[in-house]
Amino acid sequence: MPLDHARTITQVEYDAIWQEASECGEVAWKWNGIECWQSIPQRLGKGEKRVIRLQPGLTLYIYTSWYVRSLQLNYHSTTKDKLLSNFYLLGGHRTINPGIQLEDDREETAGETCLCHIAEAQSIEYYPAEQPHKNLGIAIDFERLRSFGFAQEDAPPPLRQLAQGKAVDSFHQSLNHTTPMMQQILQLLLDCPYRGAVKRMYLESKVLELLALQFHHLSKVQRSDLVSPKLRSGDIERLQLARDILRQKFNDPPSLLELARQVGLNDYKLKRGFRQVFDTTVFGYVHACRMEQAQHLLCDRGLRIADVAERLGYASPSRFCHAFKRHTDLTPSDYRRQFKA
């Protein structure tokens, strides 16, 4: 089936393309010692997944991609007994994990880093077309955390709870931009000149060094979050301007970086300040505006639910219905019956 480059690739089509590529051997995994890699199907674009198993409980991932069409993926996500560390090196994409703590709707941009643990969630990801993406991830299991002593009382709370085996709600914790030291280590990881056992030793040392820097930074971030920083009046005015821009353009909102440039803030201050002033994330506010408009449009009995979904920019009526029910606890049809025009 030829691709329609004007349309977004949804999960059903994405899965079908991968299945077809797998059946013809295009995306078979290749192995070389501790490392395996897999190219993405040519019909999607170009790029690859690299997985490097360093030691039991410690794995390095490097993903690169460039998609011919934008993607909207909706899938079940779980990291079970692992803590994930991510470093975004190129590009940007939006991720929604309904119900997780701290950042359930966010934009991942180049130069940022985060820690997360997702016990179970329904993830939605949006990738723009014709934009290079690259990220490096580290998965460390709870047993390895315990082996380093993170079950002790002086460890950052989420790491301590995970290491102690206690039930922890899913969370995503942004750690702002990578530091110069992190950037240097990331480059050394990507440019590793060694082979065999020396390569494994070298990569493991650099991965542990990155995690140490992240965990130290996590402690500082959590201490600073105990007291919300006082915003200047000029910052509050810029945040209010950002809110107004989003309300006017919620059907086609600017990216986080574009919005930050428009209002004269850096993206970190925009994200943190927006949550502090409006008690929601930037994209959480966009979603709320869309749902407010959806409720208004559903009162027009001349519009089909599919028409409402299209006006709001959803790829399909089912995506719209899922989002609407998550926001209101009602399906669009039930809303119409309960709130008659």
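1. What covers the buried residues of α8? The cover includes β9 (105-109), β10 (112-117), β13 (171-177), α6, α7 and α9. Contact here means heavy atoms within 4.5 Å. Helices (H or I, at least four residues) and strands (E, at least two) are DSSP runs, numbered from the N terminus.

2. A word on the source: this is a predicted model, in which local features need pLDDT of at least 70 and side-chain atom pairs count only at pLDDT 80 or more, while totals for chains, interfaces and linings use all residues. Residues are numbered from 1 along each chain as its sequence is written, and side-chain values use heavy atoms, with hydrogens and water left out.

3. Back to α8, whose buried residues are D267, L270, K271, G273, F274 and F278. Buried stands for under 20% relative accessible area, exposed for over 50%, and partly exposed for what lies in between (1.4 Å probe, protein chains only). The expected span is 1.5 Å times one less than the number of residues in the helix.

4. F274 and F278 are both buried, and they make a tilted aromatic pair, with 4.7 Å from centre to centre and 55° between the planes. Rings of Phe, Tyr and Trp (its six-membered ring) pair if their centres lie within 6.5 Å; planes under 30 degrees apart count as stacked, over 60 as edge-to-face and the rest as tilted. Being 4 residues apart in α8, F274 and F278 are separated by about one helical turn. An α-helix has 3.6 residues a turn, so residues three or four places apart point the same way. Together with Y285, F274 and F278 form one aromatic cluster. The count of aromatic pairs by this rule comes to 9.

5. Next, α6 (residues 233-248): its 16 residues reach 23 Å from first C-alpha to last, close to the 22 Å expected at 1.5 Å a residue. Which residues of α6 are buried? They are D235, L239, A242, I245 and L246. Seen down the axis, these buried residues fall within an arc of 115°, so they line one face of α6; the arc is that of the directions from the helix axis to the C-beta atoms. S233, E237 and Q248 are exposed on the other side. The buried residues of α6 pack against α7 (256-263), α8 (267-278) and α9 (282-298).

6. For the annotation, UniProt lists residues 240-338 as "domain: HTH araC/xylS-type" in an unreviewed entry. Over residues 240-338 the chain is 73% helix and 0% strand, with the end C-alpha atoms 34 Å apart.

7. Two residues deserve a look in a backbone check. Phi of E130 is near 55°, and E130 is in the loop between β11 (121-127) and β12 (133-141). Phi of D329 is near 65°, and D329 lies in the loop between α11 (317-328) and α12 (332-338). Most residues other than glycine have a negative phi. E130 counts as exposed at 56% relative accessibility, and D329 counts as exposed at 66%.

8. Finally, Q72 in strand β6 (residues 71-77) is buried, with a relative accessible area of 8%. Leaving out residues up to four places away in sequence, Q72 touches T8, I9, T10, Q11, E125, Y126, A315 and R319.

Conventions:
UniProt positions are given in the numbering used here, feature names are shortened, and annotations may be inferred rather than shown by experiment.
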